[in-house]
Amino acid sequence: MSARILDGAATAKALRAELAREVIAYEAKHGAVPGLAVVLVGEDPASQVYVRNKSRAAEEVGMKSWTHRLPADTTQALLLDTVERLNRDPSVHGILVQLPLPKAIDPQAVIAAIDPAKDVDGFHPVNAGKLALGLMPCLVPCTPQGCMILLRQGVGGGSLAGRKAIVLGRSNIVGKPIAQLLLQADCTVTIAHSRTRDLAEECRAADIVVAAIGKPSFVKGDWIKPGAVVIDVGINRIDDAAHSGKTKLVGDVDFAGACEKASAITPVPGGVGPMTIACLLKNTLQAAQLRG
């Protein structure tokens, strides 16, 4: 068996095109466009790239985008004041505070300070609680949303009901919310983690494998049930054995080995990654629409 490759870049491009049309319709109805405010604290190079890409993507679909850059020695109080100012700004529909934050700042306090109706990351306790209770619509974390879109492609748009799914990882950003979305889709869900016994056997029983643990090529090809759909959320930079002194990105799944068993799989890079920003824009539009 040779797995079908789930192209996240192409899917994200199509989603952005759809969002651009919806933004035009929103503007025609409301006389304004959705606005996304991103707050960046410090000079972390990766965060700067992420923020730049998010702002560019928002502008490409016709949204307004603002980036608020604060120095690394910014106090928590000043950051919370910035968030509160954005909460009160009617032109801002979505607020995203780029993580990680400097060690002196409590990220949970900052997340909790964001207006849940503008929490386009979907991390606020109110949105997490609504997701857990199945109280939709709510703002759902972006990466899990992207995973579900690609997963439905992987099963050919068919029902997920009754399928056995395993989620490797229990983070609040990916593991827990993707498990909740799978439950809402009527899957039977196992959440695996570092204490799980017989992990390989748990994976072999699953029709759907979502890997989000941050360990390069951890999930072996022979762990995959024939015909399973594999969603690889991992992004790990390792030394490239074929090119001395260079590095490459790999996922949490042994891609070559899994391709021999799976019916469909996301690549790294080019799989889940591009979907995250597209779903952030989707959340921003949804936040604007819910506000009316």
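Helices, numbered from the N terminus, are DSSP runs of at least four residues. The model discussed here is predicted.

Q: Which element gives the most to the lining of the second largest pocket?
A: Residues that line the second largest pocket number 17, with Gly122, Phe123, Ala128, Asn172 and Ile173 closest to its centre. Two or more lining residues come from each of helix H4 (107-113), helix H5 (125-133) and helix H7 (175-184). The top contribution, four residues, is that of H5.

Q: How many charged residues does the lining of the second largest pocket have?
A: The pocket in question has a volume of about 350 Å³. Its lining divides by class into eleven nonpolar residues and five polar ones, and the charged class holds one.

Q: Which element supplies the largest share of the lining of the largest pocket?
A: The lining of the largest pocket comprises 41 residues, and those nearest its centre are Tyr50, Thr143, Ile235, Gly273 and Thr276. At least two lining residues come from each of helix H2 (45-60), strand E4 (94-97), helix H6 (142-154), strand E9 (236-239) and helix H10 (272-291). The largest share is six residues, and it comes from H10.

Q: How many nonpolar residues does the lining of the largest pocket have?
A: Tyr counts as nonpolar, whereas Gly is placed among the polar residues. On this basis, the lining of the largest pocket has six charged residues, twelve polar residues and, in the nonpolar class, 23.

Q: What is the volume of the largest pocket?
A: The lining of this pocket includes residues from both helices and strands, among them helix H2 (45-60) and strand E4 (94-97). The volume of the largest pocket is about 1200 Å³.

Conventions: Residues are numbered from 1 along each chain as its sequence is written. This is a predicted model: local features need pLDDT of at least 70, side-chain atom pairs count only at pLDDT 80 or more; totals for chains, interfaces and linings use all residues. Side-chain values use heavy atoms; hydrogens and water are left out. On a 1 Å grid over the protein atoms alone, a cavity is a set of points where a 1.4 Å probe fits but cannot get out, and a pocket is an open set with protein on both sides within 12 Å along at least five of seven lines; lining residues have an atom within 4 Å of a point. Grid points are joined across faces, edges and corners, and a volume is the space filled by probe spheres set on the points.
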